Structures are given as structure tokens and as C-alpha cells.
Amino acid sequence: MKFLHSADWQLGKPYGRFDPDVRAALTEARFDAIDTLGRTAAEQGLGHVVVAGDIFDTEGPEDRTIVQAISRMSRHACRWWLLPGNHDFARNGGLWDRIRQRAGERIIVLSEPAPHEVEPGVWLLPAPLVHRHNLEDPTDLFDTMETPGARLRIGLAHGSIRDFGSRGETKNQIAPDRAKRSGLDYLALGDWHGTIKIDARTWYSGTPETDRFQRDDPGHALLVDIEADREPVVTPIRTGRFQWLVRNWTVNDQASFDAECDQLIAAIDPPNTLVQLTLAGITSLSDRIAMTGRLENDVEHRLRLLDIRADDLVGRPSEEDLASLAVEGMLGAAAAKLTARIESGGPEAPVAKRALERLFVEYSREDAA
């Protein structure tokens, strides 16, 4: 049997720290990922997509979020098996009852820990979360789930294996040997947002659309090919539109900085890339101004988002810079005093550096005008 394994759609995620146009694009991309999964299932001839929790970002999403999700799934011929996770846990009268009222027969909510025979002899064993944090292993029930005539047993769960720390929901701990312990041919997991192989039969698919600055890879789903008495064949398939990159550059002149910019732009799809860029180094004030100018007036406009962190890029005035300020008399005297404060060190030196840079910037602007 072949099927798609996905998780952590987190539909309705607010992206509150971004500007409205970026928020809108990121929100829409998460819905578009559903269509990508549906098209992939059709192209691969798959009848099932299993989603291992956190389909929604909260247990109380807006009606529009629910309707969008259902309408996107409904236009594809595959069956969608949806497991409540820690963000959208199952509770009476809650989200999943709202889903059932609108969903057709191809969308199945797995809010009860009861096995389903999805094809003759192929059983799906769900471990839905009924609270945001569960102290017990939610997959313990797999040991006692009866699957008569089973030729394949597929587990579906949401939680953390071992020590994923703060990036995983550590209160929903799952035994690392759960697949072997419960006689599973495959264990499809959600919670971790990157694709991870725990063992041959246990995988995290990760989110289909990356949502944070933690990894360069865009989102994926897993094409799973299983049959009795052999290890599964698991193939990651790209589903994500956006790429989130973290870059740390040490630059000492404009030429090296321009080379870094050119290399970055050439290696990515700029409109679908978000970059968190940290700059460090010591350069002339004029070069620093030119560098930040290129970022703000060129690179930032090419990318979906550019988050610049340049506190560690220190601009020092060159002799030519100081000479240009000295021409103006009072400006030159101010520059000399600030330079002396910088060279003497102490708690006022960082403030003096910023003041000198501002002085040079304002003088350069007036000179250009």
C-alpha cells in the first residue's frame, strides 16, 4: 500500500509579527499546501492522506479557516484522515464537531482511539490528543487495539520522541520503540516541523509549509510504500512554497558584501524566500551606509521578507570620511570629539559610534542634495 503522510498544517496561524502583505501570503500558502498534497496523491495514484495532528493552529479557528480547509480537501479524490493534535485537540462540542457538520465522506476525523480498516487488511490506529498536554504516552493504546485479519498496521500519533526539548511538546512523550512494541508496519508522527527519520518504521513528515527561521529546507510530505514483511520505502516530496533562510555574514568592505548578495540572490527564488540576515564586521562608515542602502533599496524589495540584524556591523570613519566632515568646521569638531570618545572606550563609546555614524549620514545626505 502507498499513502501520503503529512502533519502540522497549523491552518489559521496568525504570523502576527509580519506586515499584512507577508501575513496574507504565508496564510494562503498553508491552504495551497492542501492542494499540493491532493495533486500529489492523484499523480502518485494514492487513495489516502494521513495527517498526524495540528491540522489547525488552535482548537477554535474562524469559520473561514474551517471552510477553506474543507473545500480544499473536498476537491481531491483521495480520503483525508485527520488526527487531533495538541494545538487542535479533541473535545466535545469543539472544533471537530464543527468539521463533521461540514465535511463529506472523504474527510474522516479520528477523534476517538479506535482502529479503522482503510482497505482490506490495512488498519489505521489513531492516537488523538484530548488535551493540549498529556502526561501519558498517547500511543500506549496501540498495544491493545484489535485489528482482525491485519496484513498491515499503521499508527498515527502526535507527540515527541525522546529529548526534542523546547521545540517539541515534551509532555506528549512517545516511546521511541513504539513501532516495534506495538507491531506497527509504520508509525506516522506529527509535532516536529522538519522531516525526521526515527527508525525504519517511524517518521516525522514535518510541516508541508515551513513557518519559521529554523531550517533552510522548505516543507515536505512523505510518500510511504509499505508491504508486509519488509521495511517501508519512504520518499520525501517537496510541498512547500516558501523557503526561510538564516544567514550570518562577516563582511569588511563593500566588495565582499556585494559578492555575498549576488551569490544569495542567484541561489534562491527571491519572491518565495524569507531571509533573516545578521551582519558583523568592521568597515568604513561609507561602506556600511552603502551596504545597508543596498539591502534596504534592492535586496529587501526582491525578497518576500528581509529581517536585517546589523548591530555587530561596526562602521568606523576613514581619514577621508573625517576630512570631509572637517571641511564644515563645527561638524569636524563634533566628529573629532566623538572619535575621541570612541577611542577612549568606556560605556559611552557605543553611543558615540552611533552618533558619529548619524553625523556622517546626515552630512552625506546634505552633501548629495
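**Exercise 1.** Determine whether aspartate 35 is buried or exposed, and find its salt-bridge partner.

*Solution.* Start with accessibility: aspartate 35 has a relative accessible area of 6%, and therefore counts as buried (under 20% relative accessible area, whereas exposed means over 50% and partly exposed in between, with a 1.4 Å probe and protein chains only). The model is a predicted one, in which local features need pLDDT of at least 70 and side-chain atom pairs count only at pLDDT 80 or more, while totals for chains, interfaces and linings use all residues. Residues are numbered from 1 along each chain as its sequence is written, and side-chain values use heavy atoms, with hydrogens and water left out. Next, look for the partner: aspartate 35 forms a salt bridge (a side-chain nitrogen of Lys or Arg within 4 Å of a carboxyl oxygen of Asp or Glu) with arginine 72, and the closest N and O atoms are 2.8 Å apart. Aspartate 35 belongs to helix H1 and arginine 72 to helix H2, 37 residues apart, where helices are DSSP runs of H or I with at least four residues, numbered from the N terminus.

**Exercise 2.** Work out which other aspartate forms a salt bridge with arginine 72, and describe the network of salt bridges.

*Solution.* Aspartate 32 also forms a salt bridge with arginine 72, at 2.9 Å between the closest N and O atoms; because aspartate 32 lies in helix H1 and arginine 72 in helix H2, this pair ties together parts that are 40 residues apart in sequence. Arginine 72 is buried at 7% relative accessibility, whereas aspartate 32 is partly exposed at 29%. Finally, the network of salt bridges links Glu28, Asp32, Asp35, Arg72 and Arg75.

**Exercise 3.** Describe how helices H1 and H2 pack.

*Solution.* Helix H1 (residues 20–44) and helix H2 (residues 63–74) pack at an angle of about 25°, with their axes 8 Å apart, so H1 is roughly parallel to H2 (angles under 35 degrees).

Note on methods: Axes are lines fitted to C-alpha atoms, for helices over the stretch in contact, and angles run from 0 to 180 degrees between N-to-C directions. Helices (H or I, at least four residues) and strands (E, at least two) are DSSP runs, numbered from the N terminus. Angles under 35 degrees count as roughly parallel, over 145 as roughly antiparallel, 65 to 115 as roughly perpendicular and the rest as oblique.
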